[in-house]
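Here are a few exercises to work through with the model open in your viewer. Try each task before reading its solution.

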Amino acid sequence: DSQEQTEYTLRAQTGQTEIFDGVQTITYGYNGSFLGPMLQFEKGETVTINLINELDEDTTFHWHGLEVSGNNDGSPHNVLKPGEESTIEFEVTQEAATLWFHPHPKGQTSEQVYNGLAGLIYINDENSKNLGLPNDYGENDIPLIFQDKVFDDEKQLNYDAAANEDGTVGDTSLINGTLNPKLSVDKEKVRLRLLNGSNARNYTFKLNTDDDFVQVATDGGFLNEPVLMKELTLTPSERAEIIIDFSEIDSSEEIALIDEEGSTLLPFEVSNEIGEETNIPAEMNDFSVTEEEKNLPVTKEIELFGMMDMVTINGKKFDPERIDFTQEQGVTEVWEIYNKPDMMGGMIHPFHIHGAQFKIISRNGETPPENEKGWKDSISVAPDETVRIAIQFKDKGIYMFHCHILEHEDNGMMGQIKVE
Ligand code: C2O
Ligand code: CU
Ligand code: CU
């Protein structure tokens, strides 16, 4: 109900975390030494968040996937200097989804996220409560933040030594900041909320048994129907909710989430306990791309190009003083995003837009795959691929759009749209 009110305080801080036994690693976190608390919002409520920068450097608090006004979005324009605080307040207007938050200061996003500044946001609504999906937090509804890091000989994160202009890729995988995690589950359906929180790595998730799993949600909400998947790729900043059915799995079976190379990401320990009876309903949402939206002319063209520090959008690098596009509040427009290959062939750029959830109309002229027929705020765009999206902003302000390989973003692969 719209009378509800939630207040949070988030402190960006540094601290020490025992990632390796007996060793303290210096890390960044929100309200703690590494990563952040999970924020829970109800659709319709007013949320107040007190933001405090306890770091020795500038930061911002960006709400990735949240439909908020440009002033509250934590863009590079909303900087908090060391020691500064501010308070934002907004109404939650969008449907149930798994979103996240992270810093966005100009040129420093990649290092701050790498050091540990990232957290999850759950939005709940009537639909999410009534569907009957697994939703017992920590039991059969598990958040999983996937990241990769490089640790030096002292087991410290040394961003400058690890950094790569084309996206910093680590040799050590962490899930929720934990090395070699295991997940104990009962014999029941388990919902995993996956976030690719890495700076640059793409993850392809599969089961080592080669069994199917079910995808139920995209970045910004539930799919209309559950989609059976053998594997699922998430590029940086993309989320998905999947359900794995352990009810028929014997506790002696070795079952794990693996990546495309067959490396184990997350092994499961299945107990002999029978868990909760939950449902995966055949109908979960009423998402659609209308004929009208499909027939709209393309009014914004985005060309992604380059690698290393030569990355550009429409031939330009980010300039905080330059507005690249304008769009009217509440009006749907079609954007066409093209990834222009270079002499080396090019690379996937995960393209993200702030302040709105959008719909994929087509990929290279074809309807998108079933598991992308839902709300998105980040999409993978492969070399020479053209993706058309329909997007509407509910609020006003200046919003960023950029490649979510964080080093590309910091190298200027970002533009701004003013919604008025
Ligand atoms: Cu994850 Cu500009 O954001
Ligand atoms: Cu964002
Ligand atoms: Cu890129």
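The exercises below go from conventions and confidence to domains, an interface and sheets.

This is a predicted model: local features need pLDDT of at least 70, side-chain atom pairs count only at pLDDT 80 or more, and totals for chains, interfaces and linings use all residues. Residues are numbered from 1 along each chain as its sequence is written, while chains are lettered from A and ligands numbered from 1 in the order in which they are written.

**Exercise 1. Confidence**

Find the average pLDDT of the protein chain and the scores of the complex.

Step 1. Recall that pLDDT is the predictor's confidence in each residue, from 0 to 100. The protein chain averages 97, and 99% of the residues score at least 70.

Step 2. For the complex, the predictor reports an ipTM of 0.99 and a pTM of 0.98.

**Exercise 2. Domains and annotation**

State how the protein chain is divided, then look up what UniProt places on it.

Step 1. The bounds come from an automatic or database domain assignment: domain 1 covers 5-129, domain 2 covers 141-274 and domain 3 covers 291-419.

Step 2. An unreviewed UniProt entry places the feature "domain: Plastocyanin-like" at residues 13-127, 160-248 and 296-419. UniProt positions are given in the numbering used here, feature names are shortened, and annotations may be inferred rather than shown by experiment.

Step 3. Now look at the makeup of two of these spans. Residues 160-248 are 3% helix and 56% strand, with end C-alpha atoms 47 Å apart. Residues 296-419 are 4% helix and 44% strand, and here the end C-alpha atoms lie 19 Å apart. Helices (H or I, at least four residues) and strands (E, at least two) are DSSP runs, numbered from the N terminus.

**Exercise 3. Where domain 2 meets domain 3**

Describe the contact, and name the strand that gives the largest share of the side of domain 2.

Step 1. The C-alpha centres of domain 2 and domain 3 are 26 Å apart. The contact takes 25 residues from domain 2 and 23 residues from domain 3, where two residues are in contact if their C-beta atoms, placed from the backbone, lie within 7 Å.

Step 2. On the side of domain 2 that touches domain 3, β15 (213-218) and β16 (221-229) each supply at least two residues. The largest share, six residues, comes from β16.

Step 3. By class, this side of domain 2 has nine nonpolar, 12 polar and four charged residues. Nonpolar means Ala, Val, Leu, Ile, Met, Phe, Trp, Tyr, Cys and Pro; charged means Asp, Glu, Lys and Arg; the others, Gly among them, are polar.
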